[in-house]
Amino acid sequence: MTADIASTLALPEPVIADESIQLVDARNRPCGSAPRALMRRFRFWHRATYVVVLNGRGELCVQRRTLIKEVFPGHLDLAAGGVVGAGEAEHVAARRELDEELGIRGVPLRDCGGFRYVEGGHHIFGSLFLVHYDGPLRLQAEEVAEAFWLPLDEALALDSVTPDTRCAIEALRRRGLLESPA
């Protein structure tokens with residue numbers, strides 16, 4: 001393959017936001033903050049939010065990540081969300097991310113507990129939330145390439161789903177908070 005062809009097939013350079021992230025220890029106790037780039041580089045424990053959005057038909061909102069995302073570019077997310085900023089409460093971060101990514105505001109968040117995700121160099125304490133929403137979506141162009149609705153089982157059967165959002169969905173199912181239609 002020539003260099004010209006290889007360069008056209010390469011993914012764009014990821015964009016790493018310059019923000020301060022809340023760091024935690026292995027027991028989820030706050031222990032400082034760090035810029036996002038250092039958190040990723042040194043694989044620090046941190047917190048993240050996962051907001052599962054369901055419509056009135058029980059379908060899940062699935063998002064395709066843009067190609068400039070720093071982690072899992074172009075993959076599919078089964079939840080809105082992201083890292084928790086330094087000093088930020090999880091429910092505040094969840095509302096912020098839901099608004100930024102999908103343009104959803106003013107809907108009740110159902111706190112569904114948390115889970116621990118340790119895989120592929122990621123060390124995350126995830127906070128789970130459920131939202132029911134049937135309105136229009138306003139996608140954040142920098143982060144969300146597209147969004148669509150699918151029944152839960154079809155969404156889980158997709159290839160290229162981010163492993164942490166799959167873990168979030170599985171945690172909700174184990175708790176009986178997400179059911180597949182009979």
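Q: Is Val 107 buried or exposed?
A: This is a predicted model: local features need pLDDT of at least 70, side-chain atom pairs count only at pLDDT 80 or more, and totals for chains, interfaces and linings use all residues. Residues are numbered from 1 along each chain as its sequence is written, and side-chain values use heavy atoms, with hydrogens and water left out. Buried means under 20% relative accessible area, exposed over 50%, and partly exposed in between (1.4 Å probe, protein chains only). Val 107 has a relative accessible area of 12%, so Val 107 is buried.

Q: Which residues does Val 107 touch, not counting residues up to four places away in sequence?
A: Contact means heavy atoms within 4.5 Å. The C-alpha atoms of Val 107 and Tyr 133 are separated by 7.5 Å, though the two are 26 residues apart along the chain. Val 107 touches Arg 95, Leu 98, Val 131, His 132 and Tyr 133.

Q: Which residues does Leu 98 touch, not counting residues up to four places away in sequence?
A: Leu 98 lies in helix 3. Its relative accessible area is 2%, so Leu 98 is buried. Ala 80 is 18 residues away in sequence and 5.9 Å away in space, C-alpha to C-alpha. Leu 98 touches Val 51, Val 53, Ala 80, Gly 103, Ile 104, Val 107, Leu 109 and Val 131.

Q: What is the relative accessibility of Tyr 50?
A: Tyr 50 sits in strand 3. Its contacts, leaving aside neighbours within four places in sequence, include Ala 79, Ala 80, Phe 115, Phe 129 and Asp 164. Tyr 50 counts as buried, because its relative accessibility is 3%.

Q: How far apart in space are Tyr 50 and Ala 93, C-alpha to C-alpha?
A: In sequence, Tyr 50 and Ala 93 are 43 residues apart. In space, C-alpha to C-alpha, the separation is 9.7 Å.

Q: Why does the pair of Trp 45 and Phe 125 count as tilted?
A: Rings of Phe, Tyr and Trp (its six-membered ring) pair if their centres lie within 6.5 Å; planes under 30 degrees apart count as stacked, over 60 as edge-to-face and the rest as tilted. A search of the whole structure finds 3 aromatic pairs. In the pair of Trp 45 and Phe 125, the centres are 4.9 Å apart, and the pair is tilted because the planes stand at 35°.

Q: How many residues apart are Trp 45 and Phe 125?
A: Both residues are buried. Trp 45 is in the loop between helix 2 and strand 3, while Phe 125 is in strand 8. The pair links distant parts of the chain, 80 residues apart.

Q: What is the phi of Asn 28?
A: Asn 28 is in the loop between strand 1 (20-24) and strand 2 (30-35). Asn 28 is partly exposed, with a relative accessible area of 25%. Although Asn 28 is not a glycine, its phi is positive, about 70°.

Q: What is the phi of Phe 72?
A: Phe 72 is in the loop between strand 4 and strand 5 (76-77). Phe 72 has a relative accessible area of 23%, so this residue is partly exposed. Phe 72 is not a glycine, yet its phi is positive, about 50°.

Q: What is the volume of the largest pocket?
A: On a 1 Å grid over the protein atoms alone, a cavity is a set of points where a 1.4 Å probe fits but cannot get out, and a pocket is an open set with protein on both sides within 12 Å along at least five of seven lines; lining residues have an atom within 4 Å of a point. Grid points are joined across faces, edges and corners, and a volume is the space filled by probe spheres set on the points. For the largest pocket, this comes to about 620 Å³.

Q: Which residues lie nearest the centre of the largest pocket?
A: The lining has 37 residues. Among the elements that give two or more residues to it are helix 2 (36-42), strand 4 (60-65) and helix 5 (163-174). Nearest the centre lie Arg 36, Arg 65, Lys 69, Gly 82 and Glu 143.

How values were computed
Helices (H or I, at least four residues) and strands (E, at least two) are DSSP runs, numbered from the N terminus.
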